[in-house]
2 protein chains.
Amino acid sequence: MAVNPPALLPALPVPGFRVGTASCGVKSADLKGKRQDLTMIVADVPAHAAGVFTQNKFRAACVDLGEEAINQQGKNIRCIIGNAGNANAGVGDMERVWSQQLIDLAASAAGCGSEQVLSASTGVVGEAFPIDRIAAGMNEVVTSLDANHWQAAAHAIRTTDTFAKWASRKVGAYTITGISKGSGMIHPNMATMLSFVATDAPLSHEQLQPMLKRVANRSFNCISVDGDTSTNDTLYLLSSGIGLGHAPLEDTTEFEQALTELCIELAQLITRDGEGVSKFVTIKVSGSKTEEDARTVGRAIAVSPLVKTAFAGSDANWGRILVAIGNAGVVIDRRKVGLKANDVTMLEAGNLHPDYRDKDGMKVFEKSEFTLHVDLGLGDAEATIWTGDLTHEYIVINAEYRT
Amino acid sequence: MAVNPPALLPALPVPGFRVGTASCGVKSADLKGKRQDLTMIVADVPAHAAGVFTQNKFRAACVDLGEEAINQQGKNIRCIIGNAGNANAGVGDMERVWSQQLIDLAASAAGCGSEQVLSASTGVVGEAFPIDRIAAGMNEVVTSLDANHWQAAAHAIRTTDTFAKWASRKVGAYTITGISKGSGMIHPNMATMLSFVATDAPLSHEQLQPMLKRVANRSFNCISVDGDTSTNDTLYLLSSGIGLGHAPLEDTTEFEQALTELCIELAQLITRDGEGVSKFVTIKVSGSKTEEDARTVGRAIAVSPLVKTAFAGSDANWGRILVAIGNAGVVIDRRKVGLKANDVTMLEAGNLHPDYRDKDGMKVFEKSEFTLHVDLGLGDAEATIWTGDLTHEYIVINAEYRT
């Protein structure tokens with residue numbers, strides 16, 4: 001029940017990269033041959049790399065290994081291996097063993113060193129990792145490597161995603177292509193989000209790493225299926241440009257802008273595909289002292305089940321939105337807060353607007369997509385968050401009664 | 001669909017206090033005469049008082065006024081006036097005006113000064129407060145004042161609560177009686193919780209105030225319908241003992257223990273009556289460095305929709321519990337974490353216990369009440385949290401699939 005999933009433009013090949021998939025039956029052996037669940041991205045030259053990882057204290061070993069590889073080999077990555085169906089998480093001491101085996105298998109298949117491989121796993125938590133079934137698919141995955149297989153890879157990394165997610169951008173002569181998977185679970189902070197992005201723009205590891213953090217903060221960390229605290233959430237960015245002999249970019253502004261747009265597009269696709277989501281809501285928070293404050297307030301609104309059920313019930317329950325803002329833990333002057341739904345002003349200076357009529361708010365909340373605009377009236381910073389609603393029986397209790 | 005609500009022993013009268021109720025039609029005029037919705041507690045002598053209040057930045061004016069009264073008149077309170085049906089919150093500048101009017105009306109009816117009155121409101125947020133309808137009920141509420149009307153008051157402060165909540169304790173010759181309302185909304189941190197507790201034990205404001213904070217931290221702040229961040233959450237404690245001429249208690253240990261037990265009992269009743277709750281789960285967290293760390297971890301488990309839907313689906317999904325622990329923001333050594341469900345050991349030292357079988361965990365999770373025990377293995381502190389599950393269609397998506 002994805003919300004208005006857009007028809008995606010074709011994913012563009014990225015010079016220096018080939019992509020392959022295989023069907024291993026990772027989740028269960030009887031799925032072998034029925035769905036693709038292994039993805040390999042090979043850089044034909046040593047790629048510069050960056051990564052952003054989950055902050056969950058029980059993060060999976062593949063995340064530890066990925067971060068170590070980025071730190072030690074950030075200028076010399078040759079391969080990403082990713083699987084769906086089993087997260088290799090919550091299984092104790094074996095996690096690291098299995099992750100290393102996955103990396104070794106991929107290195108051997110791709111013809112590079114194990115230290116040049118990044119891995120990522122998503123799927124069931126707490127079940128033994130079927131390394132043998134994956135090993136049996138390695139030949140298939142390398143055989144299928146092709147510059148034009150990004151969309152197939154976007155399909156193969158899905159778990160409960162109802163559609164595949166990819167996006168491309170051109171920055172001058174250079175290309176950026178990324179694939180993502182999300183969905184999975186309703187709660188923010190718990191859906192495993194994977195994103196692999198590749199570009200031939202010539203940027204160094206030192207340029208890419210801080211940039212990717214900034215970009216993640218304005219994209220994947222701005223959706224209510226928040227990428228930063230599941231066990232396996234991982235965002236990788238590889239650049240082949242320097243390896244391909246291009247002179248390093250000095251002004252990275254345009255590239256960062258395009259990368260941000262691409263990651264926002266992917267993040268929005270994840271939000272549109274949240275389980276049970278029937279509405280896509282943009283929450284703009286302005287007038288805050290810092291961008292981080294604005295993001296915190298927006299997230300507090302986006303994660304509130306009471307607000308989300310009000311969205312689902314088309315109930316313009318601005319009281320719940322105020323409660324959520326008040327829970328954000330950010331300094332608020334309630335006499336300065338303004339609230340609009342699309343172009344309907346609900347609150348001004350903390351008071352209900354005299355012209356506001358409930359039916360006008362309801363009209364906005366009935367739409368499958370709308371924008372809330374919160375103005376804190378305290379400064380010039382702002383941020384935007386994207387979220388969905390909470391639907392079903394959950395609503396019967398919550399959305400139809402204002403306590 | 002409350003979980004095993006226990007048959008409550010009669011609420012004991014507390015020397016020095018009388019209680020009255022009235023039907024005002026607060027929520028809507030046509031409810032007048034159909035349900036009680038105004039509660040007054042009168043102290044026949046000046047009472048020492050303490051209060052614990054919501055931390056929400058949009059807290060209602062009645063909360064501001066209550067805290068101011070406790071701070072300025074903590075040794076000289078004569079009346080609590082509470083209403084259900086309208087929270088007098090989220091209505092801007094008028095909130096404080098209406099709250100003061102409610103206080104003035106109660107003072108006039110009870111025959112004391114306005115500065116001696118505490119107020120509390122619960123119900124719909126964002127609608128005009130029907131002060132005229134409440135004014136019309138003031139005569140009824142004072143006419144009904146009686147030392148034995150605590151249970152009637154417990155009924156009158158309900159909003160969506162399916163049963164009235166009260167508890168009493170004896171401490172030597174002294175009595176403690178409290179009433180509570182909660183329920184209302186599913187999410188932790190958003191149900192409005194009101195609790196009024198009275199005792200004739202002779203304790204001063206200076207003794208009561210810090211004690212009540214400690215007690216709240218071990219009771220109302222330990223349930224997933226958490227009292228500390230809605231707009232109106234209020235816990236009042238009044239003591240008539242000094243006004244009645246008893247010599248102040250020097251050793252307050254026994255009293256604090258009894259008050260803690262009473263507040264835990266009330267908090268558990270609120271949890272059992274959470275909307276849509278079908279299970280009552282106790283989460284004990286031990287082996288932490290501080291009690292606050294243990295509480296934070298317990299709360300993180302209790303508020304996780306993924307964990308709560310696993311409870312509802314009788315799915316012993318320990319992976320989700322680990323994810324929630326990892327999200328708590330507390331330092332964890334994942335190689336030291338242990339987890340039991342009742343007497344079934346699931347994890348030891350961060351690894352699945354070799355004797356653990358899924359069916360054993362499932363048997364525990366099928367019960368309507370069970371205990372999770374998390375041992376962090378890092379210290380000697382501990383805390384206990386009580387929570388419910390998340391049921392209905394929400395489960396269809398979440399409880400039946402392990403991503």
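Helices (H or I, at least four residues) and strands (E, at least two) are taken as DSSP runs, numbered from the N terminus. The structure is a predicted model, in which local features need pLDDT of at least 70, side-chain atom pairs count only at pLDDT 80 or more, and totals for chains, interfaces and linings use all residues. Residues are numbered from 1 along each chain as its sequence is written, and chains are lettered from A and ligands numbered from 1 in the order in which they are written.

In chain A, helix α1 (residues 61-73) packs against helix α2 (residues 94-110) at an angle of about 55°, the axes being 8 Å apart. This angle makes α1(A) oblique to α2(A) (under 35 degrees is roughly parallel, over 145 roughly antiparallel, 65 to 115 roughly perpendicular, and the rest oblique). Axes are lines fitted to C-alpha atoms, for helices over the stretch in contact, and angles run from 0 to 180 degrees between N-to-C directions. Contact requires C-beta atoms, placed from the backbone, to lie within 7 Å. On this basis A:Ala61, A:Cys62 and A:Leu65 of α1(A) meet A:Glu95, A:Arg96, A:Ser99, A:Gln100 and A:Ile103 of α2(A).

An open sheet of six strands, with mixed pairing, has the order β12-β11-β10-β13-β9-β14 in chain A; two strands pair if DSSP finds at least two bridges between them. Strands β12 (351-352) and β14 (381-388) of chain A each have a single partner strand, so one side of each lacks a neighbour in the sheet. Strand β13 (residues 369-375) runs parallel to β9 (residues 280-288) in chain A, joined by seven bridges, with A:Lys284 opposite A:His373 and A:Ile283 opposite A:Leu372. Four bridges join β13(A) to the antiparallel strand β10 (residues 338-341) of chain A, where A:Leu339 stands opposite A:Val374.

Methods. Two residues are in contact if their C-beta atoms, placed from the backbone, lie within 7 Å.
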